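Here's a quick look at the charged side-chain pairs in this protein. Have the model open as you read.

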Amino acid sequence: MPLPGVQHIVVVSSGKGGVGKTTTAVNLAVTLARHGKAVGLLDGDIFGPSVPRMMNVSEAPLVDEQNMMVPLLNFGVKCLSMGLLVDTGPVVWRGPLVMSAIQRLLKGAAWGPLDILIVDTPPGTGDVHLSLSQNVPIDGVVLVSSPQAAALDITKKGAQMYRTLQVPLIGLVENMSHVVCDKCSNRIEFADNLIDQYVQELSVEVLARVPIEKDVMRCSDAGTPVCLKFPDSLLAQAYDTIATKVMDFLATKQQKP
């Protein structure tokens with residue numbers, strides 16, 4: 001069943017941890033907002049939520065007259081995360097509680113009106129992904145992977161899961177793709193276009209190749225998305241390309257009968 005007031009839902013996913021899903025989700029959401037879209041960002045990582053730090057939000061959400069949580073707003077994006085609802089200790093839950101939490105974050109919040117809700121998902125292909133697909137219509141998935149074969153193999157499994165669930169794949173972001181030398185501007189690739197083989201097998205396009213930059217870590221830790229701190233950087237350009245392709249995909253999907 002659709003979320004009231006939410007036009008589109010886009011999931012950011014990869015089976016592998018540590019490849020930059022949350023960094024991608026945060027900067028994608030903020031960049032979409034800079035394009036004039038009404039955007040929400042749901043942190044679907046129940047056990048390891050990091051959206052609050054990256055989006056610089058920390059207060060517990062208020063509850064409105066209908067007993068609906070009111071997402072926090074920062075950088076023009078509405079945010080909600082389990083990290084805002086529990087203390088600093090670990091969340092030690094079994095599957096049913098995880099699925100209940102996702103339903104509460106999705107359907108127990110006053111998200112609308114939104115053009116796009118971005119959902120940052122945890123590693124793996126388990127409860128959170130299934131709960132999302134069973135509770136709301138997902139318009140598309142942005143896959144994220146670093147260029148190593150070990151990461152791409154697991155990303156491929158995640159892609160196959162969403163295909164099984166009949167959720168369209170928008171494309172793949174090659175994160176930590178390369179590095180550009182500060183002194184000579186030479187571009188150093190890490191995997192000799194290994195990712196091209198995988199996108200061909202998955203029949204998806206590479207949305208962008210995002211370089212490794214020390215500013216990403218610094219901005220994430222400081223709670224300022226790098227696309228805002230350095231709007232003219234190669235990183236910001238890459239996220240703008242991803243956002244544009246996501247908007248184009250959703251516009252095309254909306255035009256289909």
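What follows is a short tour of the salt bridges in this predicted model.

## The overall count

Search the whole structure and you get four salt bridges. The sections below go through some of them, starting with a linked group.

## A network around Arg-209

Glu-174, Asp-196 and Arg-209 are joined up in a network of salt bridges. Take the Glu-174 side first: its side chain meets that of Arg-209 with N to O at 2.4 Å. Arg-209 sits in strand β12 (residues 206-209) and Glu-174 in strand β9 (residues 169-174), so this pair ties together parts that are 35 residues apart in sequence. Glu-174 is buried, at a relative accessible area of 4%, while Arg-209 counts as partly exposed at 29%.

Now for the other partner. Arg-209 also forms a salt bridge with Asp-196, where the closest N and O atoms are 2.7 Å apart. Asp-196 belongs to helix α6 (residues 194-202) and Arg-209 to strand β12, so here the parts tied together are 13 residues apart in sequence. Asp-196 is partly exposed, with a relative accessible area of 29%.

## Glu-205 and Lys-245

Another salt bridge pairs Glu-205 with Lys-245, and their closest N and O atoms are 3.5 Å apart. Glu-205 lies in the loop between α6 and β12, and Lys-245 in helix α9 (residues 234-255), so the pair ties together parts that are 40 residues apart in sequence.

How accessible is Glu-205? Glu-205 comes out at 40% relative accessibility, which makes it partly exposed. Lys-245 is partly exposed too, at 26%.

Conventions:
Residues are numbered from 1 along each chain as its sequence is written. This is a predicted model: local features need pLDDT of at least 70, side-chain atom pairs count only at pLDDT 80 or more; totals for chains, interfaces and linings use all residues. Side-chain values use heavy atoms; hydrogens and water are left out. Helices (H or I, at least four residues) and strands (E, at least two) are DSSP runs, numbered from the N terminus. Buried means under 20% relative accessible area, exposed over 50%, partly exposed in between (1.4 Å probe, protein chains only).
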